[in-house]
Amino acid sequence: AGLGVAGAAVRAPSALTSGLREAMAPRVSVVMVDDKRAERRKIMSADTYYRGNRPFEKAVHEEVASKMVDLFKSKLVQEMRDSTFESTVGEGAEQVTFVLAKEYGFCWGVERSIEIAWAAREAFPDKRMHLTNELIHNPQVNSLLANMDVNFIETSATGKRFEDVGDGDVVILPAFGASLDEMQLLSAKGVKIVDTTCPWVSKVWNVVDKHVKMEMTSVVHGKWAHEESIATASMATDYIIVKDIDEAAVVAKYILGEPDALSREAFLLKFKDAMSVGFDPDVHLKKLGLANQTTMYKKETTAISKLFEKTMIQKFGPENLSEIYAAFDTICDATQVRQDAITEMSEDSKSGSSPLDFILVVGGWDSSNTGHLLEIPVHEGLTAYHINSPACINADNSVTHRTVAGEVVTTKNFLALDRPMRIGISSGASTPDSAVQDALDAVILLKKLARKVAA
């Protein structure tokens, strides 16, 4: 039931999908068109471009949707959701009470992306099919597509190997979207393009379009090497990406010319991978528009927005604020409600109204939204483990998990085997309920095995 052997069967993310990806991530190139929005729409209007909620025949989508329910559902998780969001299994020292977050797991955008990609495979069974990246940050789902003979386009030190894409092939764009230059390249190749971009990501692109129209620099709250941030930045004319409030503060200090602000040279060096080609902080920080990677921490995005609003008022005065600064809320609803739910769970545990031994967060190690679910209880002083698959729960009562710092470590004796336990459960927006079920089954099995060994 998902039990692995300590130190085996569990790998850190691959070079394509881990920190090494940052070293290999191609810079967003400037697309030489006058109107990027118009260019994007022109590409999307082609007969060979498949987009929308159900771009293929109705029967194909209905069949795929049925298969997805069978593959990804969980009886235990559904029973918890339908009752009190709690379930107690076993007796005595074997007893485990699982407390499920009120919001968790697959979001509509992820389900939509999987359905479209799977339907594409059904609609074009004999075509060579490629993905420009992982469809979503979930190992089970990406393995499913790989087993359908979908080729994941390789990334090298010089960029993605699009030369492997041939005439007549089908190329799937992931839920994170694709950069405009990738869209142009694929359009020029004349291949069939299947776009599974989450509508919330597209919403951010529309915000960036407004920045361009207002001649503003887009400040993107995100991770510069993340696929979504790369795609969003490619829609801007001028941009800078800040990963957190600390980096935002560096930008704010430069704008204000504070004594401890970075020099121009140091500023350019710090953000060399996170800004548009030709970016000049003395020119491009006078009119700002804030956008964000949709999976970032909501409270931090709000804090960054307030910081830049205060900074622009202090530097240029309040009279024309709307002309020099614009902020739009583009955090995905699914991201926000999952963060709110695990915040509530953490607060209830700290207050003693619903105490927990620890919180188990299930989701891909490269998943930004899942990583933020881990941060919330950890910052509250609670114990939490982020596992990317049930195989992270090992037969020797250890758990292999990703820390807030991004390290993959193994913790021994993570389950108390001599007493009942209460464990909080949450999962990222790209995590199927079946993966959560397998993780819970692994915990239950470990508790039973320990009692038998002791006897």
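Aspartate 209 is buried, with a relative accessible area of 11%; buried means under 20% relative accessible area, exposed over 50% and partly exposed in between, for a 1.4 Å probe and protein chains only. Aspartate 209 belongs to helix H8 (residues 199-213). Leaving aside residues up to four places away in sequence, Aspartate 209 touches Arg37 and Arg40, where contact means heavy atoms within 4.5 Å.

The model is predicted, so local features need pLDDT of at least 70 and side-chain atom pairs count only at pLDDT 80 or more, whereas totals for chains, interfaces and linings use all residues. Residues are numbered from 1 along each chain as its sequence is written, and side-chain values use heavy atoms, without hydrogens and water.

Helices (H or I, at least four residues) and strands (E, at least two) are DSSP runs, numbered from the N terminus. Five strands form an open sheet in the order S1-S9-S8-S4-S5, with parallel pairing; two strands pair if DSSP finds at least two bridges between them. Strands S1 (49-50) and S5 (150-152) stand at the edges with a single partner strand each, so one side of each has no neighbour in the sheet. Strand S8 (residues 170-173) runs parallel to strand S9 (residues 192-195), joined by four bridges, and valine 170 stands opposite lysine 192 in S9.

Elsewhere, the axes of helix H10 (residues 245-256) and helix H12 (residues 298-316) come within 10 Å and cross at roughly 5°. Axes are lines fitted to C-alpha atoms, for helices over the stretch in contact, with angles from 0 to 180 degrees between N-to-C directions. H10 is therefore roughly parallel to H12, as angles under 35 degrees count as roughly parallel, over 145 as roughly antiparallel, 65 to 115 as roughly perpendicular and the rest as oblique.
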